[in-house]
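Dear colleague,

I am passing on the structure below, and I would be grateful if you could look through it alongside the notes that follow.

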Amino acid sequence: MTNYTTAPRSLLLAGALFGAFTFAAAAQQPAAPPAAGAAPAAQPLPPGSPLIGRPDNEAAAKLAPVAGPPIAASPDKLPLAKLKVPAGFNIEVYAAGMANARSMALSDKGTVFVGSRLVDKVYAITNKDGKRSVKVLASGLYRPNGVAFKNGTLYIAELSQVSKIDKVDDVLDSPPKPTVIYDKLPKDEAHGWKFIAIGPDNKLYVPVGQPGNVVLHDADHGQIRRMNLDGSGAEVYALGVRNTVGFDWNPETKQMYFTDNGRDWLSETVPEDELNRVTKAGEHFGAPYCLQGNIIDQELGWGKDCKDYTAPVGLMGPHVAALGMRFYTGNMFPKTYKDAIFVARHGSWNKSKKQGGDVVVVKLNKDGTVKSMEPFITGFLEDNKYIGRPVDVMQLKDGSILVSDDWNGAVYRITYGKQKVAAQ
């Protein structure tokens with residue numbers, strides 16, 4: 001916001017003459033040497049840096065994004081024994097060795113595709129004769145976080161484009177270079193990685209996050225777009241979206257639900273991440289003006305009113321980084337989980353006491369609002385440090401679910417019921 005003030009002409013003229021005089025006098029003086037022992041001037045932060053706006057205090061100075069291990073953990077180093085699930089459920093390692101394993105997609109033939117954000121690869125987990133193996137499907141990509149599958153085709157979302165591999169299950173051993181179908185996405189690094197999915201309308205949905213923590217942005221950011229599967233017909237579907245890295249459609253109403261990460265540096269307790277529901281195209285969900293449906297942003301919300309935006313149907317906790325989510329439509333789990341939403345909360349970084357680093361199950365009321373949020377997988381956070389960080393959840397055809405962990409480069413499988421024991 002720009003503030004304008006007025007002053008008498010005489011004062012303005014006097015100020016200008018004084019400024020000119022002092023500038024000329026200073027120009028004739030030799031430059032003063034820096035004081036002995038003086039700290040060098042702080043370098044400006046790059047555009048979109050998550051540290052922009054960090055309060056100048058001792059507690060906040062200790063907070064910064066948490067860097068994960070650079071390579072995938074070996075299977076014997078995974079924290080499986082420390083992960084807890086509700087009674088009757090089981091958790092096992094489904095696949096490992098995939099550095100920075102992120103979003104997942106399932107093919108008709110059972111291949112699990114896994115994207116990444118910090119490396120250049122898309123992986124394929126195959127299951128042949130009961131034996132699973134991991135291979136690199138594509139490399140040399142730039143932030144290929146998002147993956148989606150439809151009718152034999154794998155769609156891959158990078159920072160600024162979407163590409164595809166046709167008949168992907170038939171070319172796993174010798175995959176071609178992905179073919180670009182849409183290249184009109186911004187190239188901002190901040191919130192630039194994409195989660196993508198194909199809706200019940202057979203359209204591809206692609207988000208574009210805000211290019212920074214809390215910023216007034218142009219018409220190409222802070223939204224969810226949708227397009228035809230060949231990349232044509234792109235249009236804006238939802239507005240006021242700060243950064244969504246997970247969405248799915250209610251199996252009953254076919255309405256889209258999406259997680260949205262709240263802004264940083266307002267406080268350690270607000271705003272909370274959101275769970276939103278789209279009831280019609282063109283809805284605005286408040287960012288960057290209104291936070292969590294009821295807080296006007298202290299920097300950009302002047303003159304705005306939260307009642308003018310669509311409020312979230314539920315709150316996910318402050319700074320928990322709610323990411324991938326899926327409605328559960330399988331039959332393996334108890335009926336109380338039917339049509340509930342499993343949400344991976346990657347975990348906070350700008351909280352002194354970390355929160356999240358878990359998978360929760362969100363159960364809905366009949367009107368589609370949130371009834372309850374319950375822990376489902378815990379143990380990724382130990383002594384205020386991460387030993388794993390869940391990113392995405394996905395249901396397999398048998399009703400079990402997979403959870404990706406980019407910290408360890410692994411995917412876990414959760415089943416329900418008595419586990420089968422191999423014959424001795």
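Strand β20, which spans residues 314-318, is mostly covered, with four of its five residues buried. Please keep in mind throughout that this is a predicted model. Strand β16 (residues 272-278) runs antiparallel to β20 and is joined to it by four bridges, and within β20 it is P318 that stands opposite E272.

K351 itself sits in the loop between β22 (341-345) and β23 (358-364). Although K351 is buried, it has no salt bridge, and the nearest side chain of opposite charge, that of E268, is 4.8 Å away; the backbone oxygen of E268, however, lies 3.0 Å from a polar atom of the K351 side chain.

The other residue to look at is R326, found in strand β21 (residues 322-327). R326 counts as buried because its relative accessibility is 17%, and the cut-off is under 20%. Its side chain reaches the backbone oxygen of V393 at 3.2 Å, and, not counting residues up to four places away in sequence, the contacts of R326 include M104, F195, D248 and F342 as well as D392, V393 and M394.

On confidence, the protein chain averages a pLDDT of 91, and 89% of the residues score at least 70. Over residues 1-32, by contrast, pLDDT stays under 50, and the model has two contacts beyond four places in sequence for that stretch. Where pLDDT is low, the predicted coordinates should not be read in detail.

With best regards

Notes: Residues numbered from 1 in each chain as written. Predicted model: local features only at pLDDT ≥ 70, side-chain atom pairs only at ≥ 80, totals over all residues. Heavy atoms only, no water. pLDDT = per-residue confidence, 0-100. Contact = heavy atoms within 4.5 Å. Helix = DSSP H or I, 4+ residues; strand = E, 2+ residues; numbered from the N terminus. Buried < 20%, exposed > 50% of the residue type's maximum accessible area, 1.4 Å probe, protein only. Lys, Arg positive; Asp, Glu negative; His and termini not counted. Salt bridge = Lys/Arg side-chain N within 4 Å of Asp/Glu carboxyl O. Polar contact = N/O pair within 3.5 Å; in protein donor to acceptor, adjacent residues only side chain to side chain. Pairing = 2+ DSSP bridges.
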